Amino acid sequence: GEAGAVEGAERGSVREQDPLLAALEAEAEAVAARVGDALADAEAAIGSAVRVDAEEQRRRDEQAARELAASAASAAGDEAASEAAAAAELLDLVQILPPAVREVLLASPELDELVEVVLDLGRPALARFPTSELECGDEPVSERDLEYAVDAAGEFGSDNRAGLDRTLHRISCIRSRSGKVVGLTCRVGRAINGCRALAKDLVEGGGSLLLMGSPGVG
């Protein structure tokens, strides 16, 4: 205790003897106070910035979530519209078939997977699916049935093929030597959305592109 008192007394004596030293110490204390205030302000600013960044990130996350939800809804809507259009196009093909054949097909749970329908004179109509076949009734196809389908299909070209407007369906006929239609193969054509994007870079790059598929896929 006495040593501290002596040291304090000595410092006081030094300050009295050296006013410049006393001024420097006072300035140092003022600087230290300002530094402390600056550090406190910096810490407050950092804390505020962190809160702002967190809020901004939250807003960005919410916006991204909204955009993702909107994109998913749009994709679902596009898919539903595409499925509805495909179903309508399939019915366009079914409508050209003789009534008895059409009735059997419309009652089939596999209608959406229909590949083709074969109408051969004197044989029961045959519907083909990816993994099965279905005879459309017991009655053989008659000339009247073929005339009905040919009239509904429209004009056949020199290659004995016809198509339905605004669809990818293909109808091929077999003729007798006299030119009379004795058989029809009505193949379902389906558009697959999104495939173009897979080859976009190849096409835009000017390269050659060869599309191949298994027999029977068109």
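Before we start, one term: two residues are in contact when they have heavy atoms within 4.5 Å of each other. Keep in mind, too, that this is a predicted model.

**The whole chain.** Select everything and colour by secondary structure. The protein chain has 5 helices and 6 strands, and along the sequence they come in the pattern α-α-α-β-β-β-α-β-β-β-α. Of its 218 residues, 19% count as buried. The accessible surface comes to about 15600 Å², with 55% of that belonging to carbon and sulfur atoms.

**The sheet.** The 6 strands form an open sheet in the order β3-β2-β1-β6-β5-β4, with antiparallel pairing. Which strands stand at the edges? Those are β3 and β4 (161–163); each has a single partner strand, so one side of each is left without a neighbour in the sheet. From one strand to the next, the twist averages 15°.

Select residues 116–120, which make up β1, and 124–128, which make up β2. These two run antiparallel and are joined by 3 bridges. Look across from Glu116 and you'll find Arg128 in β2. The hairpin has 3 residues between its strands, and Gly122 in the turn has a positive phi of about 85°.

Next, select α4, residues 143–153. Helix α4 lies across β1, β3, β4, β5 (170–175) and β6, at about 55° to β6.

**A greasy-looking stop.** Finally, show the side chains of Leu202, Val203, Leu209 and Leu211. Together they form a nonpolar patch on the surface, with about 420 Å² of accessible area. Zoom in on Leu211, in the segment after α5 (195–204). Is Leu211 buried or exposed? Exposed is over 50% relative accessible area, and Leu211 has 74% relative accessibility, so Leu211 counts as exposed.

Technical notes. Residues numbered from 1 in each chain as written. Predicted model: local features only at pLDDT ≥ 70, side-chain atom pairs only at ≥ 80, totals over all residues. Heavy atoms only, no water. Helix = DSSP H or I, 4+ residues; strand = E, 2+ residues; numbered from the N terminus. Buried < 20%, exposed > 50% of the residue type's maximum accessible area, 1.4 Å probe, protein only. Areas by Shrake-Rupley, 256 points an atom, 1.4 Å probe, with all protein chains shown as cover. Pairing = 2+ DSSP bridges. Patch = residues over 30% accessible without salt bridge, like charges linked within 9 Å, V, L, I, M, F, W, Y side chains within 5 Å. Salt bridge = Lys/Arg side-chain N within 4 Å of Asp/Glu carboxyl O. Axes fitted to C-alpha atoms, helices over the stretch in contact; angles between N-to-C directions.
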